[in-house]
Amino acid sequence: MRRYRVRFTPEAENDLLRLYDFLLERNIDAAARALEAIRAAIDLLQFSPFSCRKAAHGHTFLRELVIPFGSSGYVALFEIESTDLINVLAVRHQREEDFH
């Protein structure tokens, strides 16, 4: 079974910190659970990135991973760079403005 290496861009890492800080101010337990939900979903990319929806028509390798959490959740924008590498480009709450 093919396994992809998943790498976060600095922008995606900043997104995670921003999302965590936002929840941390409101609910420490929710912040920890949200990061765990994101981590678990991202782990799935190691095995099946092509199962995620295309982010834009005509861009086969630019995709979005929907991450359920609470009443909405998060979306991770990622690019399949090669046969063994995934770059997570951004992570947003589903209620945020477009991030493409």
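Where is the place of Arg2?

Guide: Arg2 lies in the segment before β1 (5-8); here helices (H or I, at least four residues) and strands (E, at least two) are DSSP runs, numbered from the N terminus. The model is a predicted one, in which local features need pLDDT of at least 70 and side-chain atom pairs count only at pLDDT 80 or more, while totals for chains, interfaces and linings use all residues. Residues are numbered from 1 along each chain as its sequence is written, and side-chain values use heavy atoms, with hydrogens and water left out.

Arg2 has a relative accessible area of 48%, and therefore counts as partly exposed; the class lies between buried, under 20%, and exposed, over 50% (1.4 Å probe, protein chains only). Setting aside residues up to four places away in sequence, Arg2 touches Gln46, Phe47 and Thr83, where contact means heavy atoms within 4.5 Å. Phe47 stands 45 residues from Arg2 along the chain, and the two C-alpha atoms are separated by 6.6 Å.

Beyond this segment, the chain has two helices and five strands, arranged from the N terminus on as β-α-α-β-β-β-β. Among contacts between residues at least 6 apart in sequence, 49% join residues at least 24 apart.

Leu19 belongs to helix α1, and its relative accessibility is 8%, so Leu19 counts as buried. Leaving out residues up to four places away in sequence, Leu19 touches Tyr74, Val91, Arg92, His93 and Glu96.

Thr60 counts as partly exposed because its relative accessibility is 35%. Apart from neighbours within four places in sequence, Thr60 is in contact with Phe50 and Lys54.

Leu65 touches, among others, Ala41, Ile42, Leu45 and Phe78, not counting residues up to four places away in sequence.

For the chain as a whole, buried residues make up 39% of the 100 residues. Its C-alpha trace spans about 40 × 30 × 25 Å along the principal axes. The radius of gyration is 13 Å, which agrees with the value near 13 Å for a compact globule of 100 residues; this radius is taken over C-alpha atoms, and the globule rule is 2.2 Å times the number of residues to the power 0.38.
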